[in-house]
Amino acid sequence: MTGGDIINYNEVVKISDAYLLPLVSELYGLEGYDIKPVKAHDGGRNVAFTCEKEGTNAKILRIAFLNDRSREDFLGELEYVRYLFEHGGSVSDVVSSRKGNLLEEITHNIHTFFICLFKKAPGKMLAESNYRYREGVPITEYYLNCGKVLGKLHQLSKGYIPTHRRYSFFDKYNAEFIDKLIPSSLSLLKEKLVELLKTLEGLDRNRDSFGMIHFDYNDGNYSIDFDTGQITVYDFDNSCYCWYMFDLASLWTNGLGWIQFEPDAGIRKKFMVDYFKTALEGYRSETRIEDSMLEKLPLFIQVNLMEGIVDAFEVMRNNGEEPECDEELSYRIKCLEDDIPYMGFFHEIYSCEEPFEYGERNI
């Protein structure tokens, strides 16, 4: 693991400008590129830059600065991305350095920075088009493609043999970690999370159900070519060994936004059934998934909720902030504490005026 004290995002930006970027430019042949920081999103664990130069394809530079990942973890991620790209997965490829490395390491003072470069995905994110899809094309094409691209990645994972093995779900998500991270005032939540982990420990982990997954599959982590509809996936920063159903549950939750302001729960439910049926059709055109695993969708939606809760508390810890519980986090916690399925989307807890929010609580 990297050593040293905790360092924050703004400090890394300053160090990058003064010290890292000139070295990185030399390592990757980025002389003459216009290098600009990408606006950080809440909970981001890296500093990213766009690298543009006329006549060449744009690139994304990523500088990782948190000290909770090992060199092995980073190599595990980057080798997986390169494998997916080389075998026809629709992902942004890693760009090797001039030394031929997927990962470069720079130490400055007591801090170690892990550096990698990616090709920028063609097209743009849905949010950049205000969630309007391709002119004259039914939105169902997008649902189908989301499933199809994910299915292809999972199919490739089933044949993946790593050189550097990425961490597995239970390496991070375990009772000890939960107990340390979650404040003691949330005792019921802790109890429910440990129950959830026990249920998962009893599940089969065979080649068809468990392997390397994206672990953060949503429309913020892929771009769409609006000429063709092609989706290119990136940001495998959270990728790990887990059940393929986790990504499928993420795919299900990605559909919620299209109908979240509909007041009628019956209409919301019908929409979600149709949406997921289409997405699943795309998925199954690329890989197999047993019905017995699909029946566990409600369980893996809860696991997605758990990941979101854990991530929120991790971000607060990494930023040196006191834990607090806003309306969105409060909603997620309530769904887990009260065993409310399907992210509460068909339950009385849900309000279309304030989607996925519940009263703040003191912790």
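**Rings, cores and a hairpin in a predicted model**

Guide: In this predicted model, the charged end of R268 sits over the ring of F345, 5.1 Å from its centre.

Visitor: What makes the charged end of R268 count as sitting over the ring of F345?

Guide: The distance part of the test asks for CZ of Arg within 6 Å of the ring centre.

Visitor: Why are F169 and Y173 called a stacked pair?

Guide: Ring centres must lie within 6.5 Å to pair, and planes under 30 degrees apart count as stacked. A search of the whole structure finds 32 aromatic pairs. In the one formed by F169 and Y173, the centres are 4.8 Å apart and the planes make an angle of 15°. Both values pass, so the pair is stacked.

Visitor: How do you know whether F169 and Y173 are buried or exposed?

Guide: Buried means under 20% relative accessible area. F169 has 1% and Y173 has 3%, so both are buried.

Visitor: Which residues are linked into a cluster by ring pairs?

Guide: The cluster holds Y131, Y133, Y142, Y143, Y217, Y222, F226, W258, F271 and Y275.

Visitor: Which residues have the most contacts inside the largest nonpolar core?

Guide: They are F169, W243, L248, F300 and M306, in a core of 96 residues. Helix α10 (residues 297–318) gives the largest share of this core, 11 residues. F300 touches L200, L203, W243, M245, F246, A249 and M293, leaving aside residues up to four places away in sequence. A second, separate core has 23 residues, including V12, V24, L66 and I106.

Visitor: What makes β5 and β6 a pair of strands?

Guide: At least two bridges are needed. Strands β5 (residues 104–108) and β6 (residues 111–119) have five, in the antiparallel sense, so they pair. H108 stands opposite H111 in β6. The two strands form a hairpin with two residues between them, and N109 in the turn has a positive phi of about 55°.

Visitor: What do the buried residues of α11 pack against?

Guide: They pack against α6 (187–201) and α10. Among the buried residues of α11 (residues 327–337) are L329, Y331, I333 and L336.

Definitions and conventions:
Residues numbered from 1 in each chain as written. Predicted model: local features only at pLDDT ≥ 70, side-chain atom pairs only at ≥ 80, totals over all residues. Heavy atoms only, no water. Phe/Tyr/Trp six-rings, centres within 6.5 Å; stacked < 30°, edge-to-face > 60°. Buried < 20%, exposed > 50% of the residue type's maximum accessible area, 1.4 Å probe, protein only. Lys NZ or Arg CZ within 6 Å of the ring centre and 35° of its normal. Core = buried A, V, L, I, M, F, W, Y, C linked by side-chain atoms within 4.5 Å. Helix = DSSP H or I, 4+ residues; strand = E, 2+ residues; numbered from the N terminus. Contact = heavy atoms within 4.5 Å.
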